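Subject: Handing over the two-chain model

Dear colleague,

Here is the structure I promised to pass on to you.

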Amino acid sequence: MASIFQFFNSINISLLASLLFLGVFIWYAFAIIYHFIRFGIGVIPKLLALVFFISSLILFTSATKAYSQINWPNIFSFLHSFLKLY
Amino acid sequence: MAIFKSSNSFRNQQPGETTVFVSRRHWIVLLGPVVFFILLMALPSVVNHFISSQSWYSLFSGLFEFLTRVYFLILWILLFYNIMLFSLNTVVVTNKRVIENQQKGFFKYTLNEVYLDKIQDISVNISGVFSTLLSYGDIEIQSAGTQNKFYFRTLPHPQKIKKIITG
């Protein structure tokens with residue numbers, strides 16, 4: 001049992017979750033853009049692919065910036081004191 | 001730019017086949033998902049309204065901001081997934097045949113086709129107030145081929161499409 005806790009403590013779960021989310025996001029974004037460009041008929045699907053690419057890039061950058069501005073030490077100290085109560 | 005000059009070529013196009021007309025389903029099909037996504041976009045504001053008065057909110061505001069942006073990113077992807085399906089579900093009339101592309105997901109589609117010389121009868125079905133006002137309906141093509149009937153549903157201006165098919 002102790003070894004399981006040691007194993008989970010040794011991996012950075014938030015980093016793994018971020019990488020997993022990044023992987024899923026890249027796959028979905030690629031598949032949507034690929035379908036628009038490869039199988040779309042006419043100009044409109046290609047323009048939609050361009051709109052989606054630029055907008056998702058902006059949203060992803062914005063989410064990354066928001067992540068960097070989270071005050072983790074404050075949150076953890078609050079959670080620590082909160083859990084101590086119970 | 002080449003992107004603004006894209007031709008109406010399509011997958012499984014035969015040699016010498018030219019596109020006469022391309023139609024997607026009526027925009028009313030997309031209205032439901034778009035309204036649903038707009039409502040979902042308001043959800044973080046509603047949650048923020050209830051939790052912003054809490055004493056602990058200032059500690060978690062950064063985290064909340066991050067989760068909101070990730071939520072918007074997921075919604076954006078799902079919205080464009082629906083737009084992609086709408087955009088790739090097409091009816092193509094060429095000089096040889098009528099083709100219906102049904103995109104059902106990523107890398108999953110069906111293609112129905114009927115050759116113009118096999119068409120025996122085309123009927124248009126417009127029923128209801130909305131479909132009459134917004135001019136959309138179904139087209140049924142009777143064919144002499146192995147598959148007798150073809151249904152193309154919720155197409156804009158079905159009478160016009162019928163005229164194009166019959167020449």
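I begin with helix α5 of chain B, residues 158-166, which lies across β5, β6 and β7 of chain B and runs at about 170° to β5(B). Please keep in mind throughout that this is a predicted model.

The sheet under that helix

The three strands that α5(B) lies across form an open sheet in chain B, in the order β5-β6-β7, and their pairing is antiparallel. Because β5 (119-125) and β7 (149-156) of chain B stand at the edges, each with a single partner strand, one side of each is left without a neighbour in the sheet. From one strand to the next, the twist averages 20°.

If you look at the pairing in more detail, you will find that strand β6(B), residues 136-143, and β7(B) are joined in the antiparallel sense over six bridges. One place to look is Glu140(B), which stands opposite Tyr151(B) in β7(B).

How many bridges join β1(B) to β2(B)? There are five, and the two strands run antiparallel; here Phe21(B) stands opposite Val93(B) in β2(B). Strand β2(B), residues 90-94, then pairs with β3(B), residues 97-105, in the antiparallel sense over four bridges, and the bridge partner of Val92(B) in β3(B) is Ile99(B). These two strands, β2(B) and β3(B), form a hairpin with two residues between them.

Further along, eight bridges join β3(B) to strand β4(B), residues 108-115, and these strands also run antiparallel. In this pairing, Val98(B) has Val114(B) in β4(B) as its bridge partner.

Is Ser23(B), by comparison, buried or exposed? This residue, found in strand β1(B), residues 19-24, has a relative accessible area of 5%, and it counts as buried because that value is under the 20% cut-off. Leaving aside its neighbours within four places in sequence, Ser23(B) is in contact with Asn89(B), Thr90(B), Val91(B), Leu155(B), Pro156(B) and Ile161(B).

Most residues other than glycine have a negative phi. Two residues of chain B are worth checking with that in mind.

Phe107(B) is not a glycine, yet it has a positive phi of about 55°. This residue is found in the loop between β3 and β4 of chain B, in a hairpin that has two residues between the strands. With a relative accessible area of 46%, Phe107(B) is partly exposed.

Thr154(B), which is not a glycine either, has a positive phi of about 50°. Thr154(B) lies in strand β7 of chain B, and its relative accessible area of 14% makes it buried.

A residue in a helix of chain B

Leu67(B) lies in helix α3(B), residues 57-88, and at 48% relative accessibility it counts as partly exposed. Although Leu67(B) and Leu43(B) are 24 residues apart along the chain, their C-alpha atoms are separated by 12 Å.

Where the two chains meet

Chain A and chain B bury about 3,300 Å² between them, and 83% of this area is on carbon and sulfur atoms. In chain A, His35(A), Ile41(A) and Leu59(A) lose the most area to chain B, together accounting for 21% of what that side buries. The contact takes 34 residues from chain A and 38 residues from chain B.

As for the polar side of this interface, zero salt bridges are found across it, whereas four residue pairs are found in polar contact, counting pairs with both residues at pLDDT 80 or more. On the side of chain A that touches chain B, the elements that give two or more residues are α2 (13-39), α3 (44-68) and α4 (72-85) of chain A. Which of these gives the largest share? That is α3(A), with 14 residues.

With best wishes

Note on methods
Residues numbered from 1 in each chain as written. Chains lettered and ligands numbered in written order. Predicted model: local features only at pLDDT ≥ 70, side-chain atom pairs only at ≥ 80, totals over all residues. Heavy atoms only, no water. Pairing = 2+ DSSP bridges. Axes fitted to C-alpha atoms, helices over the stretch in contact; angles between N-to-C directions. Contact = heavy atoms within 4.5 Å. Buried < 20%, exposed > 50% of the residue type's maximum accessible area, 1.4 Å probe, protein only. Buried area = accessible area lost by both parts, 1.4 Å probe. Salt bridge = Lys/Arg side-chain N within 4 Å of Asp/Glu carboxyl O. Polar contact = N/O pair within 3.5 Å; in protein donor to acceptor, adjacent residues only side chain to side chain.
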